Amino acid sequence: QVQLVESGGGLVQAGDSLRLSCAASVRPFSPYRMGWFRQAPGKEREFVGRITCATGATYYVDSVKGRFTISRDNAKNTVYLQMNSLKPEDTAVYYCAVRASVANATYADWGQGTQVTVSS
């Protein structure tokens, strides 16, 4: 089991930027994919985007496309979520998760989450 620790959340104003980090506890750490999810108050958790670690290929949901960028620093065992042009509707607890291999259909290990609040 991999322990994931998110950090970087906070309170910002609309239009500001934040960079979230997700650090993994194991080395080496080379999963198939890392994903970012978020859960707003009163809503279900939703998928935000993911990175395929071997290729660096990324995918985002339409609501964040062009504003959010996922990247990975292999030396630091860390995945990042750069969030620009933040909107109040981006307010949520953000989670990173790992999908260990192609054979794993789901994201099995999750971080504890970090709160992002965007004021208007």
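**Exercise 1. Is T91 buried or exposed, and what is its relative accessible area?**

Before the solution, some ground rules. This is a predicted model, in which local features need pLDDT of at least 70, side-chain atom pairs count only at pLDDT 80 or more, and totals for chains, interfaces and linings use all residues. Residues are numbered from 1 along each chain as its sequence is written, and side-chain values use heavy atoms, with hydrogens and water left out.

*Step 1.* Find the residue: T91 sits in the loop between β8 (78-83) and β9 (92-99). Strands here are DSSP runs of E with at least two residues, helices are runs of H or I with at least four, and both are numbered from the N terminus.

*Step 2.* Recall the cut-offs: buried means under 20% relative accessible area, exposed over 50%, and partly exposed in between, with a 1.4 Å probe and protein chains only.

*Step 3.* The relative accessible area of T91 is 17%, so T91 is buried.

**Exercise 2. Describe the surroundings of T91.**

*Step 1.* Start with polar atoms. A polar atom of the T91 side chain lies 2.9 Å from the backbone oxygen of P88. The T91 side chain also has a polar atom 2.9 Å from the backbone nitrogen of V118.

*Step 2.* Now take contacts (heavy atoms within 4.5 Å). Leaving out residues up to four places away in sequence, T91 touches A40, P41, Q115, V116, T117 and V118.

**Exercise 3. Sum up the whole chain.**

*Step 1.* Count the elements: the chain has 11 strands and zero helices.

*Step 2.* Check the size. For 120 residues a compact globule would have a radius of gyration near 14 Å, and the chain agrees at 14 Å; the radius is taken over C-alpha atoms, and the globule rule is 2.2 Å times the number of residues to the power 0.38. The C-alpha trace spans about 40 × 30 × 25 Å along its principal axes.

*Step 3.* Of the 120 residues, 45% count as buried. Among contacts with a separation of 6 or more, 54% join residues 24 or more positions apart.

Conventions
A polar contact is a pair of N or O atoms within 3.5 Å; within protein, one must be able to donate a hydrogen and the other to accept it, and residues adjacent in sequence count only if both atoms are side-chain atoms.
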